[in-house]
Amino acid sequence: MKKALSRAYMALIFLFLYAPILLLVFFSFNSSNSNVVFDGFSLRWYRELFHDSEIIGALFNTLVIALLASVISTIIGTAAAIGLQNYKKWRQKAIMNVTYIPVLNPDIITGISLLLLFVAVKIPGGFLTVLLSHITFDIPYVILAVKPRLRHVDPHLYEAAQDLGAPPLSAFFKAVFPQLVPGIMSAFLMALTLSIDDFVVTFFVRGNSFSTLSTVIYSITKRKIPLSINALCALMMLCVLALLIAVNLFDKGKTKNKEAER
Amino acid sequence: MKSKVIAVPYIVWAGIFIIVPSLFVAYFAFTDSSGSFTLSNVARIGEYTHVFVRSILYAAVATLFCLLFGYILAYIMSRLSERAKSVSLVLLMLPMWINLVLRTQAFQNILMDNGMLNKMLALLRLPESHILGTPAAVVLGLIYNYLPFMVLPLFTALEKLDISVIEAAQDLGASGFNVFRRVILPLSMPGVYSGIIMVFIPCLSTFVISEKLGGGKVYLVGNIINDMFNQNYNFNVGAAVSLVMMLIMIVTLVVFSFLDDETKEGIL
């Protein structure tokens with residue numbers, strides 16, 4: 001009885017969370033332009049999606065910004081996490097407090113404060129301001145993902161590598177870096193998803209002509225609701241689902257390997 | 001490994017792109033369009049008191065409902081088998097990865113007068129609802145968007161809970177309710193506090209959800225800021241409103257991290 005009740009409860013909550021999205025996906029196969037009346041199956045909206053230069057252009061911008069921002073923020077953030085260890089405790093603490101600001105600030109505050117900076121130094125909104133903003137909100141997450149990994153690295157490893165004749169740089173890359181790779185990878189993926197997902201910060205700093213996927217969706221749905229947006233949503237969900245399953249399988253593979261090692 | 005220099009690019013970056021912009025918010029809040037000092041922007045906040053009160057109220061109600069429904073869900077999930085746990089976690093996280101604008105649009109479609117909600121109500125022979133454009137729709141939209149953000153920290157806290165502690169309480173004769181109130185709830189408080197922070201702050205600052213589901217009739221603090229920066233181009237008043245919002249956020253954070261520390265000390 002108790003078990004049935006909790007099953008029913010879970011089902012209801014997940015229905016609440018999924019019904020809107022699944023309906024959106026369902027209507028992406030609608031042959032007419034309606035989000036409420038289904039007139040028959042067609043792939044019309046998927047065709048229109050791929051011919052919509054506004055959306056495809058925005059998709060391209062989103063991917064370029066997300067890739068550049070996550071690569072740059074992973075490099076700067078990882079370097080920062082490693083370098084910060086050698087600072088005095090109170091300085092580390094002060095810098096980490098500043099690092100928490102973009103994490104805790106509501107997006108809208110991050111967005112307008114960066115906008116005010118760009119306005120004050122007269123950088124017009126566009127590719128550059130969006131990229132700089134994305135790097136800014138990505139770096140703290142990179143630092144927070146890499147920092148805990150560093151604690152598990154044995155500092156003597158680096159010294160040992162040098163004692164055995166490795167120059168400092170290759171001692172770092174051969175002895176320390178491989179242990180950081182999982183942390184750096186998850187930091188990179190985190191930055192990538194944050195960038196792709198961001199709407200609010202981009203919306204404020206983008207200026208008049210530069211748009212990403214999220215800002216295009218926002219302005220399109222303000223005017224009319226074309227079902228090509230639904231098709232886009234369906235494809236995005238498919239990508240996310242594939243990614244989540246891949247990560248899950250990867251994790252399982254890892255634990256199995258670990259068990260095998262034992 | 002011993003080099004301090006490699007952290008310098010970030011420190012410079014944080015100075016330019018984190019500290020300076022925050023100072024600019026304060027600078028714009030206390031100056032007029034010509035750049036001279038004024039208190040008039042801050043004084044104008046008074047006009048918006050009711051919007052602040054409304055925003056805090058809606059965010060608080062949405063947070064409360066998220067806590068209530070989220071707690072039960074997190075508890076059920078924490079008692080599942082390992083396999084079911086990871087499946088339900090993936091199911092919970094999937095909607096979080098879909099763009100906020102898209103999610104809100106999807107929710108709007110459901111609530112429309114000829115949408116799925118009314119079709120279901122008709123099927124059950126219940127009266128039609130015209131919820132879109134009301135505060136209820138906005139609060140419902142907030143819950144829909146941020147419920148997963150509440151469940152995750154609660155789940156993490158509840159999953160760590162040692163089952164033998166609950167069994168011990170039961171063995172000592174505690175009733176179901178007392179086990180919850182005296183054992184489970186206190187031990188899960190860190191998850192409750194971080195869940196509240198994760199939901200309350202984005203709810204307080206939203207403008208997309210109130211715009212899409214409020215039909216232009218539900219005006220929140222986020223909408224003031226959006227209008228000031230994207231329509232009226234009155235950056236100074238916008239900055240003043242943002243400054244007050246930052247203050248509310250800081251108070252929330254301080255209160256809840258203080259409470260969190262208290263409970264941790266209580267447990268140890």
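How many nonpolar, polar and charged residues does the lining of the second largest cavity have? The first legend answers this. The model shown here is predicted.

**Figure 1. The second largest cavity, lined by residues of chains A and B.** By class, this lining has six nonpolar, five polar and no charged residues. The space inside is about 70 Å³. From chain A, the lining residues are Ile101(A), Pro102(A), Asn105(A), Thr110(A), Ser113(A), Leu114(A) and Thr136(A). From chain B come Phe17(B), Ile18(B), Pro21(B) and Ser22(B). H1(B) contributes the largest share, four residues.

**Figure 2. The largest cavity, about 90 Å³ in volume.** Thirteen residues line the largest cavity, and those closest to its centre are Leu23(A), Phe27(A), Asn35(A), Asn109(B) and Ile110(B). At least two lining residues each come from H1 of chain A and from helix H5 (100-111) and helix H6 (116-123) of chain B. H1(A) gives the most, with four residues. The lining of the largest cavity holds eight nonpolar, four polar and one charged residues. Across the whole structure, a search finds two cavities of 30 Å³ or more.

**Figure 3. The second largest pocket, with about 780 Å³ of space.** Its lining counts 22 residues. Closest to the centre of this pocket are Lys2(A), Ser6(A), Tyr75(B), Ile76(B) and Arg79(B). Helix H1 (2-27) of chain A supplies at least two lining residues, as does each of helix H3 (49-78), helix H8 (163-171) and helix H9 (176-205) of chain B. H1(A) provides the largest share, eight residues. The lining of the pocket divides into 14 nonpolar, three polar and five charged residues.

**Figure 4. Thr206(B), in the loop between H9 and helix H10 (208-213) of chain B.** Thr206(B) counts as buried because its relative accessibility is 6%, and buried means under 20%. The side chain of Thr206(B) reaches the backbone nitrogen of Ile209(B) at 3.4 Å. Which residues does Thr206(B) contact, leaving aside its neighbours within four places in sequence? They are Leu142(B), Leu220(B), Gly222(B) and Asn223(B).

Definitions and conventions. Residues numbered from 1 in each chain as written. Chains lettered and ligands numbered in written order. Predicted model: local features only at pLDDT ≥ 70, side-chain atom pairs only at ≥ 80, totals over all residues. Heavy atoms only, no water. 1 Å grid on protein atoms, 1.4 Å probe; cavity = no way out; pocket = protein on both sides within 12 Å on 5 of 7 lines; lining within 4 Å. Points joined across faces, edges and corners; volume = space filled by probe spheres on them. Nonpolar A, V, L, I, M, F, W, Y, C, P; charged D, E, K, R; others polar. Buried < 20%, exposed > 50% of the residue type's maximum accessible area, 1.4 Å probe, protein only. Polar contact = N/O pair within 3.5 Å; in protein donor to acceptor, adjacent residues only side chain to side chain. Contact = heavy atoms within 4.5 Å.
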